[in-house]
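Thanks for coming. I will take a few minutes on one structure, starting with its metal sites and ending with a pair of helices. Please have a look at it first.

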Amino acid sequence: MDFKTLQAPKDGLCAISADALLLVLAAGSVPASLEATLAAAVKGAVDAGDLALEAGRALYLHRVPGLKATRLAVTVCAASAAPAAWRKALAAGMALLKGGGARHVAVALVGADAGAEHAEALVALAEDATYVYRHTKPSAPAASRLERLSLVCEKAQAKAIEAGLARGRAIAAGVALARELANRPANHCTPSHLAAEARALARRHARLAVQVLERKDAEKLGMGAFLAVAQASHQAPKFIVLRWQGAGTTKVARAPKAAKAPVVLVGKGITFDTGGVSLKPAPEMDEMKFDMGGAASVLGTFAAVAELGLAIDLVGLVPACENMPGGGAVKPGDVVKSLSGQTIEILNTDAEGRLILCDALTYAERFKPAAVVDIATLTGACVIALGHHRSGLFSTDEALAASLLEAGERAGDLAWRLPLDEAYDEALKSNFADMGNVGGRPGGAITAAKFLQRFASRYGWAHLDIAGTAWKSGKEKGATGRPVPLLTHFLIARAG
Ligand code: BES
Ligand code: MN
Ligand code: ZN
């Protein structure tokens, strides 16, 4: 889709030639700045009881006299017109135009000024609404006829809005990549496929490099926890290492030490989670193809970062494998030695995410990272705790936690912090190894995080449990691309 800025014609919004005008009113009353033709149409609708000037309300009007655009959608936004309110109003307005014939929609905010954040949110929303999965269903119909969106702005704001649109495009491309990878079924999206996608991404960007460790490499290193999960699958495990080197090119003076310490993103890449010998029940097991949502979000974030050319050094680690039962599978009670040297009693083979992540967290040490963030569809317990709106955030570093939460707010991709109290660690005690891999049902998202924390003591660390946010179930079943917007915003802020 095409996104542009549009300077309002001398004769006002009525003179805009587009198929539709989407008018966003930031007020509890008709803004004084609204031109007469439109004000009359809005007042008429209000007087007739068809539109209330309350945030969230919207109305479609066809062929308004004096308006060049055939279609008019009016949507009401909270007076602040803050990005969150703007997103809500836009969604309501776009829903009115979705099934219709408009190819080019001009969007105008009246009663407040649109800025870069508004532009970015517009792109995110439109791209999200028009994404259609086709890889194994080429016949899927288009989501809408929309081809072009123009955001009306004053000349003075055009530059800021252009920048917002560009940022929106990059993030939307990252989200689309993450959605596409996660939506692909597990017989298509294998660990090898993830590795091939990472390589393809690197071919498109000179400053992005990819290395893939094979099973024998992981064996040599001693990644006993990762390999235990992979051992019953006929699909070769892949440990993908991505490196984006953007900091060297920055013109801004920076302490050389800080510039060298990269941020490391670690993504859980279980391309299918059967549970292993601790087999999952059949209902909804198909959704465990989404268990590589963390990996998908890492690849998507790299795509966005490379597109934006961020002046930051970034490492991505994606342990990728299938969790299968079978004659060669790891069994409950088996003890394995992790890359860190710590031993683990695998009490439940379905708690496999933490087993592949712990070796990746140890591997991350070699990059002397400034911070490490892992992203994983880790626990059903996190879905019970937070539902599907906010991702779970855990962190040993206050500043890191704050900047991730803030990035989530800016991106409209929310997270909520959960605790890491020492008391929760008790549950991981084992008589046969340094730790067990499960801590019982109570506080299951927290004990999973406590397990990871044992491997993340050498750097500032945060963990995002995206089990509730990475995909939707039911009629709208499909990947969301979260938390690519949060992660990208976090990195934009770090790049300065
Ligand atoms: N991939 C699942 C987590 C999951 C389950 C995400 C359902 C979304 C929906 C993970 O590997 C898992 O199976 N976790 C177990 C851990 C338990 C055995 C301690 C869980 O949450 O049940
Ligand atoms: Mn599992
Ligand atoms: Zn899993």
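This is a predicted model: local features need pLDDT of at least 70, side-chain atom pairs count only at pLDDT 80 or more; totals for chains, interfaces and linings use all residues.

Take the manganese ion, ligand 2. Which residues coordinate the manganese ion? They are D273 through OD, D350 through both O and OD, and E352 through OE, at 2.1 to 2.2 Å. The 6 donor atoms around the manganese ion subtend angles of 71 to 168 degrees, and therefore the arrangement is irregular. Along the sequence, the manganese donor residues are spaced D-x76-D-x1-E. D273 sits in strand β10, residues 269-273, while E352 is in the loop between β13 (343-346) and α10 (353-364), so this pair ties together parts that are 79 residues apart in sequence.

Are D273 and E352 buried or exposed? D273 counts as buried because its relative accessibility is 3%. E352 has 1% relative accessibility, so E352 counts as buried as well. The cut-off for buried is under 20%.

Next, the zinc ion, ligand 3. Its protein donors are K268 (NZ), D273 (OD), D291 (OD) and E352 (OE), and they lie 2.0 to 2.4 Å from the zinc ion. Here the 6 donor atoms give angles of 78 to 175 degrees, and the site is octahedral. The spacing of the zinc donors along the chain is K-x4-D-x17-D-x60-E. This site also links distant parts of the chain: D291 is in the loop between β10 and α9 (293-308), E352 is in the loop between β13 and α10, and the two are 61 residues apart. Both D291 and E352 are buried.

How far apart are the zinc ion and the manganese ion? The distance is 3.2 Å, and D273 coordinates both ions.

Now to the helices. Helix α2, residues 83-98, packs with helix α3, residues 116-130, at an angle of about 40 degrees, and their axes are 10 Å apart. That angle is why α2 is called oblique to α3. The crossing of α2 past α3 is right-handed. On the α2 side, the contact is made by P83, W86, R87, L90, A91, M94 and K98. On the α3 side, the residues are E117, H118, A121, L122, L125, A126 and A129.

That is what I had.

Terms used: Residues are numbered from 1 along each chain as its sequence is written. Chains are lettered from A and ligands numbered from 1 in the order in which they are written. Side-chain values use heavy atoms; hydrogens and water are left out. Donors are N, O and S atoms within 2.8 Å of the metal (3.2 Å for Na, K and Ca); water is not among the atoms, so sites may look incomplete. Four donors count as tetrahedral if all angles lie between 85 and 135 degrees; four count as square planar and six as octahedral if opposite donors are over 155 degrees apart and all others between 65 and 115; anything else is irregular. Helices (H or I, at least four residues) and strands (E, at least two) are DSSP runs, numbered from the N terminus. Buried means under 20% relative accessible area, exposed over 50%, partly exposed in between (1.4 Å probe, protein chains only). Axes are lines fitted to C-alpha atoms, for helices over the stretch in contact, and angles run from 0 to 180 degrees between N-to-C directions. Angles under 35 degrees count as roughly parallel, over 145 as roughly antiparallel, 65 to 115 as roughly perpendicular and the rest as oblique. A crossing is left-handed if the near helix is turned anticlockwise from the far one by less than a right angle, and right-handed if clockwise. Contact means heavy atoms within 4.5 Å.
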